[in-house]
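Okay, thanks for coming, everyone. Let me put the model up and then we can walk through a few spots together.

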Amino acid sequence: MARKAPAEDPDDSRLRVGPPQDHAAGLPAVTSSLRHAHAQMGARRSLLTLLSVNQKSGFDCPGCAWPEPGHRHRAEFCENGAKAVAEEATLRRVGPGFFAEHALSQLAGRSDHWLGQQGRLTHPMYRPAGSDHYRPVSWDDAFAVVARELRALDSPDQAAFYTSGRASNEAAFVYQLFVRLLGTNNLPDCSNMCHESSGSALTETIGIGKGSVRLEDLYEADLILVVGQNPGTNHPRMLSALETAKDRGARIISVNPLPEAGLLRFKNPQRPSGVLGSGTQLTDLFLQIRLGGDQALFQAFNRMLLEAEDEAPGTVLDHDFITAHTHGFDDFADQARKTSWDDVLEATGLPAQQIREAFQEVLGAERIVVCWAMGLTQHRHSVPTIRDVVNFLLLRGNIGRPGAGLCPVRGHSNVQGDRTMGIHEKPDAAFLDALGAEFGFEPPRPHGHDAVETIRAMRDGQVRVFVALGGNFVSAAPDTDLTERALRTCELTVQISTKLNRSHAVAGRQALILPCLGRTEADLRPAGEQQVTVEDSMGMVHLSRGRLAPASDALLSEVAIICRMAHAALASDGPHVPWADFEADYDRIRDRIARVIPGFEDFNARVRAPGGFALPHPPRDERRFPTRTGLANFTVNRLDLLRVPPGRLLLQTIRSHDQYNTTIYGLDDRYRGIHQGRRVLFIHPDDLAAQGLAEGEPVDIVSEFSDGVERRAPAFRTVAYPTPRGCCAAYFPETNVLVPLDSTADISNTPTSKSIVVRLEPAR
């Protein structure tokens, strides 16, 4: 029986602010998981579905990409994983009647939360030019619309094809093949807005844009630094891994502008002591760093390591590793010794004694892992920051040995796999050579548009067709008003989706909604039940098989939608690609992947082994670094000091505990004490006083950038909170409007969502 969705948009009139929590998970996480699951799925469906999440014979969680342990609990999911599954496996439905009742202009005024709570999309829908309503359309007619508009373009580069990280390996591979057969590399993806800085820095320094650790390395580490990351909300199962590391003697340093409940104390719901006891204190030392100060901290560590080696030659640095496996040490060391302590203290906002205390932890650890997330990747100087993290680990040989290495914790469940499959606007020549040889064509070589460049191109009339394989591009992108205007200039926008979101309401002159199967659903084809594969954030590839009956008989899988779209749109006299065979049997796609992408040899057999298989990682596996020098590269990086004008604050955008990326599950942030609302601004009590504001006073947040354009996020309630002085925080996507399109990280072009200069004004 279909479940009723909210009829009205809740506002913040019932907003309550309480004290933040000093721990994560425990019994409240269990009850919250069950409450969300029951509301969306009912009791029996919840039990059947949740017990299949992250199991070897089940489906991969549609939330984060944290890897599964070898020994799995029967309930191998976290609170936010349960919410993600409930949202997808919901009994709520959005069919043709919904779109007949709700005009596009009305939907555009709804919140992300309300839109997401309406339920699963059930039928392909088409919005003709000039209409304010979507109407039902057959699949064949929908693909004919796409084909017509693509063929009408003056150049294939007038189309852009976005990808969310939830797409499977098989869908991503056929998607990029279709796009390159069409003749463009315009393949922006969600990585462009999140972890592109990690890939840019790691490719340059170690030769591969992925982290160098496996889950077992965390268990064997002496010291783990968790930097710019909130695993309690964004990757909750990571807390279990940190708890195991603590049980085995690891020390943990947390470096973050906000105290995060999960890193303070973890009450593991899979242990009786976690439900009924006090849990595990995870963090041994908390460094409450100023926004953007992480580079300065690692430069300080690097200088201190060099000085400690000077005092006790041969006892601190790993000279054998440096000599045999690295390049550029002397230039790096010369610059590192000049690091200014005054600059370090200004940039970090940390007491010198606390930095020295942290350094003693570093000095006492033989095996070190550094984990990070978007707190490091969304600043102007993100790439130099991560390069300095690499410098830090290279000094003592902490890359390529057990219990040590680089751990960028990526978010969406297959965002790393999508990039492996070729979803990249700047593909390398070897990949294109192999793809062209396998399918008998010459792939386009010029670089395409990333996410930011795609918005600019739409704004300027250079992209006329926009296709999105999953995701919610409007709410994920910066400069919200500009992004919406840009999308509305397109001749056609196409959204391949499971659920309604804001990107369906911000449409081009024509628009299509193509509803697809979700991870939780069985994919039944004439050749038999199909399974897809995903890659976790540590390079493990495994199968995923849904169990539920599809939400509608009209749904197609992502693979089927892409294959039929490609068949309709591509010229019949081009290279022969067996699209129908690919749609019928995904093993045939995997056979092609095995011949194109190194590491996937004998793909179909190896992925059917329990737990899947690990992709090769030369720095980790062989201490071989496939960089331009053939060695791991030390780098020289200028320290970027973020100086904020008097009376201004530095804002970071963050997630609440009731959301994942742009999906808003509810209106609570239990760990930060926020209930029934989202438009809150976390600010230090002393900054409130300096601004002449009382706690709870409503303000408009106005961003200030050199382009002179005023961007305003109205009506936020101030919440006194233990942030660093001069720094504040608020939830996205509500504050994405404050991030200018042209304010991006050097090299990676990632929006600077963690370093926004703002002023506060009384709410209008």
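So, how many salt bridges does the count come to? The count comes to 52, taking a salt bridge as a side-chain nitrogen of Lys or Arg within 4 Å of a carboxyl oxygen of Asp or Glu. Before I go on, the housekeeping: this is a predicted model, where local features need pLDDT of at least 70, side-chain atom pairs count only at pLDDT 80 or more, and totals for chains, interfaces and linings use all residues. Residues are numbered from 1 along each chain as its sequence is written, and side-chain values use heavy atoms, with hydrogens and water left out.

Let's look at some of those pairs. Side chains of opposite charge can pair when their charged atoms come close. Take aspartate 433 and arginine 445, a salt bridge whose closest N and O atoms are 2.8 Å apart. The two are 12 residues apart and link distant parts of the chain, with aspartate 433 in helix H23 and arginine 445 in the loop between H23 and helix H24 (451-459). Helices here are DSSP runs of H or I with at least four residues, strands are E runs of at least two, and both are numbered from the N terminus. Aspartate 433 is partly exposed at 42% relative accessibility, and arginine 445 is also partly exposed, at 36%. For the burial words, buried is under 20% relative accessible area, exposed is over 50%, and partly exposed is in between, with a 1.4 Å probe and protein chains only.

Next pair: arginine 525 and glutamate 583, with 2.7 Å between the closest N and O atoms of their salt bridge. Here the partners sit 58 residues apart, arginine 525 in strand E19 (residues 523-525) and glutamate 583 in helix H29 (residues 579-584). Arginine 525 is partly exposed at 22%, while glutamate 583 is buried at 8%.

Two more for the list. Arginine 624 and glutamate 622 meet at 3.2 Å, N to O, and arginine 624 is partly exposed at 41%. Then there's a whole network of salt bridges that links Arg648, Asp700, Glu704, Glu710, Arg712, Arg759, Glu761 and Arg764.

Now for a charge without a partner. Aspartate 217, in helix H10 (residues 215-220), is buried yet has no salt bridge. Which side chain of opposite charge is nearest to aspartate 217? That's arginine 620, 6.0 Å away, counting Lys and Arg as positive and Asp and Glu as negative, with His and the chain ends not counted. What aspartate 217 does have is a polar atom of its side chain 2.9 Å from the backbone nitrogen of glycine 403. Its contacts (heavy atoms within 4.5 Å), leaving aside neighbours within four places in sequence, are Ser212, Val369, Arg401, Pro402, Gly403 and Ala404.

Over to helix H30 (residues 586-596), where valine 596 lies. Valine 596 is buried at 5%, and beyond four places in sequence it touches Phe173, Phe431, Ala434, Leu435 and Glu438. Arginine 590 is in helix H30 too, and arginine 590 is buried, with a relative accessible area of 1%. The side chains of arginine 590 and asparagine 604 are joined by a polar contact of 2.8 Å; that term means a pair of N or O atoms within 3.5 Å where, within protein, one must be able to donate a hydrogen and the other to accept it, and residues adjacent in sequence count only if both atoms are side-chain atoms.

On a 1 Å grid over the protein atoms alone, a cavity is a set of points where a 1.4 Å probe fits but cannot get out, a pocket is an open set with protein on both sides within 12 Å along at least five of seven lines, and lining residues have an atom within 4 Å of a point. Grid points are joined across faces, edges and corners, and a volume is the space filled by probe spheres set on the points.

The second largest cavity holds about 90 Å³. Of its 14 lining residues, Cys61, Cys64, Cys78, Asn80 and Gly81 are the closest to its centre. Helix H3 (residues 79-88) gives the largest share of that lining, three residues. Helix H3 is largely enclosed by the rest of the structure, because 10 of its 10 residues are buried.

And the largest pocket? What is its volume? About 1,300 Å³, with 38 lining residues, of which Thr203, Ile208, Gly209, Arg419 and Asp428 lie nearest its centre. Helix H9 (196-206), helix H22 (415-420) and helix H23 (429-439) are the elements that give two or more residues to that lining.
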